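Dear colleague,

Please find the structure below, handed over for your study.

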Amino acid sequence: MEPALETIGLTYRYGDREAVCRLDLRVGRGEVFGFVGPNGAGKTTTIKLLLGLLTPAAGSVRVLGRALADDRPGVLRRVGTLVETPALYGHLTAEENLDIQRVAFGVARHRVAAALDETGLGPVAGRRVRHLSLGMRQRLGLAMALLHEPELLVLDEPANGLDPAGIVDLRTLLWRLAAQRGVTVFLSSHILAELEQTVSRLAVIRDGRLRYQGTLDELRRAHPGGLRITADDPARAAEVLHAEGHAVTRAEDGSLRLAVTSVDEAARLNARLVHAGLAVHELRLSTPSLEDIYLRLMADAGEVGR
Ligand SMILES: Nc1ncnc2c1ncn2[C@@H]1O[C@H](COP(=O)(O)OP(=O)(O)O)[C@@H](O)[C@H]1O
Ligand SMILES: [Mg+2]
């Protein structure tokens with residue numbers, strides 16, 4: 001089956017400033033796909049290109065197997081979107097807001113109750129929107145995006161302004177849509193950790209360029225941790241480790257760092273050091289946190305991964 005979303009060499013400029021540069025994204029059907037990058041990375045610009053709200057300077061967008069440029073209205077009928085905060089009438093109830101959208105979209109009446117139900121808003125359907133919490137309004141925005149039963153949901157920073165419980169609710173809702181209805185979800189965030197338990201695959205961008213695309217597991221595997229050793233005589237310990245065939249760097253605190261990720265090799269090196277008469281105070285294998293990996297991706301030059 002064709003991917004739900006595909007961009008090839010997607011490029012966009014504001015004046016002569018390149019905001020999106022030769023971006024190749026590929027989102028499979030039924031995936032919950034994360035689009036991550038710091039503020040100003042080009043996420044919103046990309047999303048506007050995906051929805052045909054901006055026209056690319058170069059490259060192309062395919063949505064649900066169709067070229068966006070060929071049939072934008074036809075394609076977008078099958079897509080639900082929430083770009084930043086939803087436009088809502090504060091003096092109307094949640095249900096009335098949905099009903100306006102329903103008429104505009106030409107959707108059957110029963111979809112209002114269904115969308116309220118899908119987003120857990122049933123109990124507040126009759127409440128005026130201005131009395132709803134930010135999390136509830138965000139959910140109402142989602143309900144609006146779901147009204148016409150889209151096959152693909154494109155959400156720009158939907159977790160913005162939500163508290164941790166709200167983020168968990170959002171995650172549960174998105175997974176349910178993907179698992180039960182086969183909806184593909186594309187959502188952006190400037191916080192990688194926020195997506196950690198939400199997405200099946202992700203793309204990371206910086207300065208409009210792809211830095212990584214793949215699963216979180218692959219990302220972790222591509223950034224293994226290392227071995228840290230503290231011994232009473234760092235200089236001699238470094239010699240011993242060097243003689244064992246390892247490149248060793250010395251940190252400011254005197255601890256030694258090696259590109260070793262295997263427990264067996266760590267144990268073997270420990271034995272060698274002790275055998276050489278050194279006192280090993282600390283020996284620790286570390287795995288970088290997702291945040292560490294994100295920082296590395298933001299710092300490295302050049303393109304990585306696909
Ligand atoms: N309307 C605009 N005119 C000029 N520059 C813009 C405009 N919108 C965004 N930019 C610039 O394009 C870059 C990408 O912005 P944006 O897509 O909003 O990033 P993100 O959503 O990841 O924060 C930023 O440098 C931003 O300042
Ligand atoms: Mg943005």
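Does D253 count as buried or exposed? With a relative accessibility of 51%, D253 counts as exposed; buried means under 20% relative accessible area, exposed over 50%, and partly exposed in between, with a 1.4 Å probe and the protein chains only.

Before the remaining findings, a note on conventions. This is a predicted model, in which local features need pLDDT of at least 70 and side-chain atom pairs count only at pLDDT 80 or more, while totals for chains, interfaces and linings use all residues. Residues are numbered from 1 along each chain as its sequence is written, chains are lettered from A and ligands numbered from 1 in the order in which they are written, and side-chain values use heavy atoms, with hydrogens and water left out.

The loop of D253

D253 is located in the loop between β12 (248-250) and β13 (256-258). Helices (H or I, at least four residues) and strands (E, at least two) are DSSP runs, numbered from the N terminus. The side chain of D253 forms a polar contact of 2.7 Å with the side chain of S255. A polar contact is a pair of N or O atoms within 3.5 Å; within protein, one must be able to donate a hydrogen and the other to accept it, and residues adjacent in sequence count only if both atoms are side-chain atoms. Between the C-alpha atoms of D253 and Q197, which are 56 residues apart along the chain, the separation is 35 Å.

Which residues are around ligand 1? They are Y14, R17, A19, P38, N39, G40, A41, G42, K43, T44 and T45, where a residue is near a molecule if one of its heavy atoms lies within 4 Å of it. This shell divides into four nonpolar, five polar and two charged residues. Here Ala, Val, Leu, Ile, Met, Phe, Trp, Tyr, Cys and Pro count as nonpolar, Asp, Glu, Lys and Arg as charged, and the others, Gly among them, as polar.

For R17, a polar side-chain atom lies 3.4 Å from a ligand oxygen; for A41, a polar backbone atom is 3.2 Å from one; and for T44, an N or O atom in the side chain is 2.8 Å from one. Taken alone, ligand 1 exposes 560 Å², of which the protein buries 60%; accessible areas come from the Shrake-Rupley method with a 1.4 Å probe, and for residues only the protein chains shown count as cover.

The elements that give two or more residues to this shell are β2 (17-27) and α1 (43-50), and α1 supplies the largest share, three residues. Helix α1 is largely enclosed by the rest of the structure, because six of its eight residues are buried: K43, T45, T46, I47, L49 and L50. Just after α1, G52 takes a positive phi of about 70°.

Nonpolar cores

In soluble globular proteins, nonpolar side chains tend to be buried together. A nonpolar core is a set of buried Ala, Val, Leu, Ile, Met, Phe, Trp, Tyr and Cys residues joined through side-chain atoms within 4.5 Å. The largest core in this model has 32 residues, of which L153, L155, L174, V185, L187, L202 and V204 touch the most other members. Helix α6 (residues 164-181) gives the largest share of this core, six residues. Setting aside residues up to four places away in sequence, L174 touches V32, L153, L155, V185, L187 and T198; contact means heavy atoms within 4.5 Å. A second, separate core has 28 residues, including I47, L51, V75 and V79.

Two buried loop residues

H148 lies in the loop between α5 (134-146) and β7 (152-156) and is buried, at a relative accessible area of 15%. A polar atom of the H148 side chain is 2.8 Å from the backbone oxygen of V79. L162, in the loop between β7 and α6, is likewise buried, at 13%.

Positive phi angles

Most residues other than glycine have a negative phi, and most peptide bonds are trans. R22, found in strand β2, is not a glycine and yet has a positive phi of about 45°. L64 also has a positive phi, of about 50°, without being a glycine; L64 lies in the loop between β4 (58-63) and β5 (66-67) and counts as buried, at 5% relative accessibility.

Yours sincerely
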